[in-house]
Structures are given as structure tokens and as C-alpha cells.
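Here are a few friendly notes to read with the model open beside you. Take them one point at a time.

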Amino acid sequence: MDSTRPTADQAMVDVDAERFWERHYRTRRTWGTRVNPLLAEIAAPLRSGTALDLGCGAGGDAIWLARQGWHVTAVDISTTAVERVRERARDLGVADQVATEQHDLARSFPSGEFDLVCALYFHTPFPLLRSRVLRTAARALRPDGLLLIVDHGSTAPWSWNQDPDLHYPTPHEVAAELDLDPAHWSVARADMPRRLATGPAGETAAVIDNILLVRRTAG
């Protein structure tokens, strides 16, 4: 028996996940088109190169990177999401710098090597071996490349997950889960800043972000 072939139960989970995120992006037509301020803070001083945006959503981060001179591969499970990113890139004149790919990252991962990989709010209500995906992302870095992981550290009023018992792993807990060889990867930043965020209807709330920035060493 081929152990890599999805079971019937897993195939159903994959279908449900794709439907969930399709519905999510079809009903939220404009929210998410702004760059994440933490990405802008971290990437602005970097020399542009190749970037991978995992779970690109509406494309605010991918488009911003492209307008800063990066060549970006924008990936999402939702067909609607990647189509809208492609359309926005064309409308804003950066279509030649943005490649879009549909991936269920539980099943496939984009090929290539990157100077920057972004996994911003890379959460899902469906089963996903997240640490495995992020380890794959770390291995896709070129020497001196950066993996930026920004996770929720608190529950915003507009979040789809309002579980009061939800545990938000700290950056150090995420780093421990990744279990990357310190001879090849190092933690460049791990902190939990608070900021004022804006939701899909324009509402605002103070939120905590858990930031983990990993660098692949030149060696």
C-alpha cells in the first residue's frame, strides 16, 4: 500500500479545507490587501530577491513585496485567492514579478529556492502538520535567507477562531517544534509585540503578534 496516498478521510479533510478557504475569500473581497506592518518593518531594509508567500490570501504582502522589487511566488489553497492576487498584480503593473500557485500545503510545496519565505498567520481549523510545512520552508531558503513566521498571540474580535481555551504557542515554542539544526539555521528574532490592528469591517483592536525570524546560515 502506498503510504503517501491520502486516505478517504484525509481526502475529505482536504476538500473541506479548500471549501472553507474558498468561502472565506469569496465573502471578503477587499480585506487583506494591505501589507502586514511587521513584514514591512522587517523586509523594508532587505535587498530584494526572491520571496515565497505561504497562504497569500488577498495578496497584500505579495503585492507589496513585488512593488519593492522582489520576485514573489504567492501560494494559497483557495483558487479565488490566487486569481485575485494575479488580477491585482496585473492591475498594479507588477504581473511579471508575481507568480501565483494553488497548493494544499498538506500535500504539495512550491519548488525553488528563496531569499525570504513568509508564513504570516499560517493557521487553519483543519488538520495540518504545520511544523513539517515550516521545516520544508526553512530548507527552501538560500544561504542567508530568512523565514518569517508571524502567528496570532491573541484572539481578535473578528477571528474565525473564538475558542477561549486556545493556546497560542510562543515564538520559542514554535522554534522548538521546528527543531532546526543550529549549525544551519539560527533565530534572528523572537518576540511578542502588541499593536493596533484593523479588521474586515474597519473595526480596531489591540492584538499580540508572535514573531519568529529564522536565518539560514551561509555555511
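1. First, a term we will need: a residue is called buried under 20% relative accessible area, exposed over 50%, and partly exposed in between. Arg-215, with 29%, is therefore partly exposed. Please keep in mind that this is a predicted model.

2. Which residue is the salt-bridge partner of Arg-215? The partner is Asp-144, and the closest N and O atoms of the two are 3.2 Å apart. Asp-144 sits in strand E5 and Arg-215 in strand E8 (residues 204-216), so this pair ties together parts 71 residues apart in sequence. Asp-144 is also partly exposed, at 47%.

3. Now look at Arg-195 and Asp-209, a salt bridge whose closest N and O atoms are 2.4 Å apart. Arg-195 belongs to strand E7 (residues 194-198) and Asp-209 to strand E8, 14 residues apart. Is each one buried or partly exposed? Arg-195 is partly exposed at 23%, whereas Asp-209 is buried at 1%.

4. Glu-41 pairs with Arg-189 in a salt bridge at 3.0 Å between the closest N and O atoms. The two lie 148 residues apart, Glu-41 in helix H2 (residues 37-43) and Arg-189 in strand E6 (residues 185-191). Through shared partners, salt bridges join Glu-41, Arg-189 and Asp-191 into one network. The count of salt bridges comes to 6.

Terms used: Residues numbered from 1 in each chain as written. Predicted model: local features only at pLDDT ≥ 70, side-chain atom pairs only at ≥ 80, totals over all residues. Heavy atoms only, no water. Salt bridge = Lys/Arg side-chain N within 4 Å of Asp/Glu carboxyl O. Helix = DSSP H or I, 4+ residues; strand = E, 2+ residues; numbered from the N terminus. Buried < 20%, exposed > 50% of the residue type's maximum accessible area, 1.4 Å probe, protein only.
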